[in-house]
Amino acid sequence: MKRFFLFFTFIALIVAGCTSDYTVLESIGSISLTADKSSTQAGELITFTVINSNGENITESSTIYVDNQPIEGNTFTSETYTTHEVKASYAGLESNSVTINFHDGSETNFVKRVLIEDYTGTWCGYCPRVAHAIELVKAQTDEPNHTAVAVSIHRPSSNPNSLNYDPYNYDTSQLEALLSTAGYPKGYLNRMTLWQSPEPNNLNQAIALTQGENPKLGLAMTSSVNNGNIALDVNVKFSKDFEGLKLVVYILENGLIYEQHNYTDYYGGVDVIEDFEHNHVLRQCITPLLGEAINGVTTTGETYTKTFNVAVPANVENAANLEFVAFIVDGNGNAINVRSAKPDETQEFEEI
């Protein structure tokens, strides 16, 4: 009788254990594996994530296999140009297979952005037309990659006694001398291409510059603002060989409240617009306005870094509203790619 009881208890424990495992598997259902990138330059990390069918992140409890060999953690790199198959397992379940590739850097593509430089003025009644067009472009391009970067360049006088007085005036006459369009407003795309007027009717001209052939260089910034000082690293990564490049870096300010003359039907068709919010206002260019030559290696797979340590410009009203814009121009002055950053932001290269 005792033996029968022990045998029955043993069988019950086995059944209970199997039932418990079955219950776990049933509740999980399946697991899926993703990689933060499917292709990257040799020597760089690829990070894996494992999710169960309930949407829970189970990466730390999973085992990840590269070419059927388990690895420690959830990152992997290779110094050689190779392709690997990756899977994960958890509680007896196996994930989908993911293919990853390491290359020499030439296969890397980056998010392509358009630079919009808006030459404007608080005194300029037709200038809200371009501001409105920029809002429309950003509405169509900001998700998911924020591919339109605006800079508001206020002109033409900082003299309070002038009829064309603008408290945000910034002297860009050196740059404007290269452009063939007189007067304001005027919008320029990627620095040298005139945005055809009326700009709200020509949104596609701007949006098209976020599409097509990849620029093959990307930017990433690391910024901090402390005690009236700005520390900014601008990193530029290349996936083809370049020559004759220049870097331009702007300090902008957002949330500036001041009146705006308005002769358009936009913004309610009111003249004057009281308490108009001026954004992306150019406060200082911390490189030469036409660009600073990149004295570094600009070939496939290389990364160039420029470090700036400057004081917050004296004309800035609120350092919390600063914005940094960096872009690369070619030998003809055309912007190849551009990116903006907020204070105290650390960016990664956005590879696609």
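This is a short talk on a few local features of the structure shown above.

Before I start, please keep in mind that this is a predicted model, in which local features need pLDDT of at least 70 and side-chain atom pairs count only at pLDDT 80 or more, while totals for chains, interfaces and linings use all residues. Residues are numbered from 1 along each chain as its sequence is written, and side-chain values use heavy atoms, with hydrogens and water left out.

Let me begin with Arg191, which sits in the loop between β12 (186–189) and β13 (193–194); helices here are DSSP runs of H or I with at least four residues, strands are runs of E with at least two, and both are numbered from the N terminus. Is this arginine, Arg191, buried or exposed? Arg191 counts as buried because its relative accessibility is 2%, where buried means under 20% relative accessible area, exposed over 50%, and partly exposed in between, with a 1.4 Å probe and protein chains only. A polar atom of the Arg191 side chain lies 2.7 Å from the backbone oxygen of Leu289. Setting aside residues up to four places away in sequence, Arg191 touches a list of residues that includes Glu117, Tyr250, Leu289 and Phe327, contact being heavy atoms within 4.5 Å.

Turning to the cysteines, the structure holds one disulfide, that is, a pair of cysteine sulfur atoms within 2.5 Å. The disulfide joins Cys124 to Cys127, with 2.3 Å from S to S, and the link is right-handed, with 85° about the S-S bond. Both Cys124 and Cys127 are buried. Cys285 is also buried, because its relative accessible area is 12%.

Next comes Ile134, which has its place in helix α2 (residues 128–141). Ile134 is buried, since its relative accessible area is 7%. Leaving aside neighbours within four places in sequence, Ile134 is in contact with Ile116, Asp118, Ala150 and Trp195. From Ile134 to Ala148 there are 14 residues in sequence, and 8.4 Å in space from C-alpha to C-alpha.

Three strands form an open sheet in the order β1-β3-β6, with antiparallel pairing, where two strands pair if DSSP finds at least two bridges between them. The edge strands are β1 (31–35) and β6 (75–76), each of which pairs on one side only. Strand β3 (residues 46–52) is joined to β6 by two bridges, and the two run antiparallel. Within this pairing, Thr47 stands opposite Thr75 in β6.

Technical notes: A polar contact is a pair of N or O atoms within 3.5 Å; within protein, one must be able to donate a hydrogen and the other to accept it, and residues adjacent in sequence count only if both atoms are side-chain atoms.
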